[in-house]
Amino acid sequence: MAFTSIYFIIFALATVIAYYITPIRFRWVVLLTASYVFYLLSSPKTFVFVLLTTVVTYFGGRYISGCNDSHKAYMAEHKELSRSEKKELKAQNQKKKRRMVALILIIDFGILAVLKYFRYYLQAAGILDTGALLIPLGISFYTFQSAAYIFDIYRNKIDADTNIAKFALFTAFFPQIIQGPISRHDQLAHQLYEGNRFAYRNLTHGAQLILWGFFKKLVIADRVAILCSQVFNHHTDYTGGAVFVALLFYTIQIYADFSGGIDIARGVAQCMGIDMIDNFRRPYFANSLSDFWNRWHISLSFWCRDYIFYPVALSKFFGKAGKNLRSIFGDRVGKLFPAIIAQYCTFLTIGLWHGADFKFIAYGLYNGTVIVLALLLDPYFKSAIEKLHINVNAWWWKAFQIIRTFFIVVFGRIFPKAASFGVAISMFLSIFRPNVGTPFSETIMSLGLGSIDFAILFVCCGVWFIISLIEERNSKYSDGTNSSALRAILDEKPLAVRWGLFLLLLAAVLALGIYGPGYDASAFIYRGF
């Protein structure tokens, strides 16, 4: 059941109504029922895998939480123990917990690996029939979310859920199951379990988000997709400017598509008073690639930061290795070595999260290498800026940083979009070859979009840019909890103005959205992840 289908709109509306007419203490049951119905309608053949991950993670979490409680209680009763005895008992408890964590991760990520990464090899070897296994809907999202839950219990940051049905809701909450965000238990779970009272404000804010998501998806992303598909699916027919334009447009498409889907998901949840974290903070205003990844797919970036980057960068092993390397590469490289390894581990994970093909690994390596080079060359950049007497606070310098970062991102997009790593390299090199025969303007106009389509994109992207600029200039970037500056501005406007803008946006979606037979407007790019 696609977010952009009329069936989903009816389903979401029915869920919201059922949610509010049900007594508060049972509203979580409505959400769980709706979530499982949604999954069974969308991906019935793979429902068992969601159940398996839920059961394994739930009971594993209970065991780890029990270890935490038992250890805490024992230490409280035996305060006379020596420091060495306390240390030994803690080590024993940590060992038990690590074994359970390892078992859970092997099962949960093993399911993910077999179904998403190794099934093609198993089919090629004849172990599985072609098409024998389907990829469960949102498998990467709910697997990573379950892993975060286990890590947080292990670190004693949260207590395990004691109700398996409620935990099942946390795992499979239907608005986020398709493409996230990857929520943390301490941020989302209590909102799902406790129930929320009806508030007109939640309905209006949720409807605004949903409609804005439809606008970005149907009007912008699906229109741009026509041109991108033409070039990337027939890449040998195009060179020079046509390839670059397609790559540039794909950068717009994936942002509009992914953020549009997230807005729809967050909007549906918001209608029921449930606040999911914002997965984007105007990433194309980033002034460096590191800043970009702090703004793009925030829930995945922060997941990798908390559970991969910090553990690797702060590990004793890599810290010791860095000290040993100082005599060879110098103090600076030796000091940065743990962070460098952590960056590569982080971005390899991000690459593999998208898929097992080498093009995704290359995508991760590309981003990791750019960030590592920026880290290593930072003193030289600062020295050059000082010698050139550049005012780092000047508007033109900030604009240069944003544009530079944007094109670094643009060129990196060629890896996940192209059919393979080899095709990605071939297409990248073809950018520098001139168009032969047909003039550039005629080539662009033959890619499936007419002059009216380009005019619509120009105006709609301009509106999106202005809204993003308002948000950027009026709202401090945070870790995903700050509210929309534009929403606050709209809330102060008269009712007629708010409804007028809402109806204008609705008319734009209905009049300008991409529909029609043969066109799959439901194919969200991140749906398969």
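This is a predicted model: local features need pLDDT of at least 70, side-chain atom pairs count only at pLDDT 80 or more; totals for chains, interfaces and linings use all residues.
Which residue forms a salt bridge with lysine 382?

1. The partner of lysine 382 is aspartate 378, and the closest N and O atoms of the two are 3.2 Å apart. Both residues belong to helix H15, which covers residues 358–387. They are separated by 4 residues, about one turn of the helix. Lysine 382 is exposed, because its relative accessibility of 53% lies over the 50% limit. Aspartate 378, at 30%, is partly exposed.

2. Salt bridges that share partners also link Arg282, Asp291, Arg295 and Glu472, which form one network. The count of salt bridges in the model is 14.

3. A salt bridge joins aspartate 491 to arginine 201, with 3.4 Å between the closest N and O atoms. Aspartate 491 is in helix H21 (residues 485–491) and arginine 201 is in helix H9 (residues 200–233), so this pair ties together parts that lie 290 residues apart in sequence. The aspartate is partly exposed, with a relative accessible area of 27%, whereas arginine 201 is exposed at 53%.

4. Arginine 305 and aspartate 306 also meet through their side chains, in a salt bridge with an N to O distance of 2.8 Å. Is aspartate 306 buried or exposed? Its relative accessible area is 13%, so aspartate 306 falls under the 20% limit and counts as buried. Arginine 305 has a relative accessible area of 30% and is partly exposed.

5. Two packed helices are described by the angle between their axes and the distance between the axes. For helix H6 (residues 164–172) and helix H8 (residues 185–194), the angle is about 120° and the axes are 10 Å apart. The two helices are therefore oblique to each other. The crossing of H6 and H8 is right-handed.

6. Which residues make the contact between H6 and H8? On the H6 side they are Lys166, Phe167, Leu169 and Phe170. H8 contributes His185, Leu188, Ala189, Leu192 and Tyr193. By type, the residues of this contact divide into 7 nonpolar, 1 polar and 1 charged.

7. H6 also packs with H5, at an angle of about 130° and with the axes 9 Å apart. H5 and H6 are therefore oblique to each other. From H5, the residues Tyr142, Gln145, Ser146 and Tyr149 meet Phe167, Phe170 and Thr171 of H6. The residues of the H5 contact with H6 comprise 4 nonpolar and 3 polar, with no charged residue. Phe167 and Phe170 are listed in the contact with H8 and in the contact with H5.

8. Most residues other than glycine have a negative phi, and most peptide bonds are trans. Where the backbone departs from this pattern, the local geometry can be checked in the model.

9. One such place is the peptide bond from glycine 180 to proline 181, which is cis, with omega near 10°. Proline 181 sits in the loop between helix H7 (174–177) and H8.

10. Asparagine 156 is not a glycine, yet its phi is positive, at about 65°. This residue is in the loop between helix H5 (139–154) and H6. At 48% relative accessibility, asparagine 156 is partly exposed.

11. Histidine 389 likewise has a positive phi, about 55°, although it is not a glycine. Its place is the loop between H15 and helix H16 (395–412). Histidine 389 is exposed, with a relative accessible area of 71%.

12. Phenylalanine 258 belongs to helix H10 (residues 241–271). What is the relative accessible area of phenylalanine 258? The value is 0%, and the residue is buried.

Note on methods
Residues are numbered from 1 along each chain as its sequence is written. Side-chain values use heavy atoms; hydrogens and water are left out. A salt bridge is a side-chain nitrogen of Lys or Arg within 4 Å of a carboxyl oxygen of Asp or Glu. Buried means under 20% relative accessible area, exposed over 50%, partly exposed in between (1.4 Å probe, protein chains only). Axes are lines fitted to C-alpha atoms, for helices over the stretch in contact, and angles run from 0 to 180 degrees between N-to-C directions. Angles under 35 degrees count as roughly parallel, over 145 as roughly antiparallel, 65 to 115 as roughly perpendicular and the rest as oblique. A crossing is left-handed if the near helix is turned anticlockwise from the far one by less than a right angle, and right-handed if clockwise. Contact means heavy atoms within 4.5 Å. Ala, Val, Leu, Ile, Met, Phe, Trp, Tyr, Cys and Pro count as nonpolar, Asp, Glu, Lys and Arg as charged, and the others, Gly among them, as polar.
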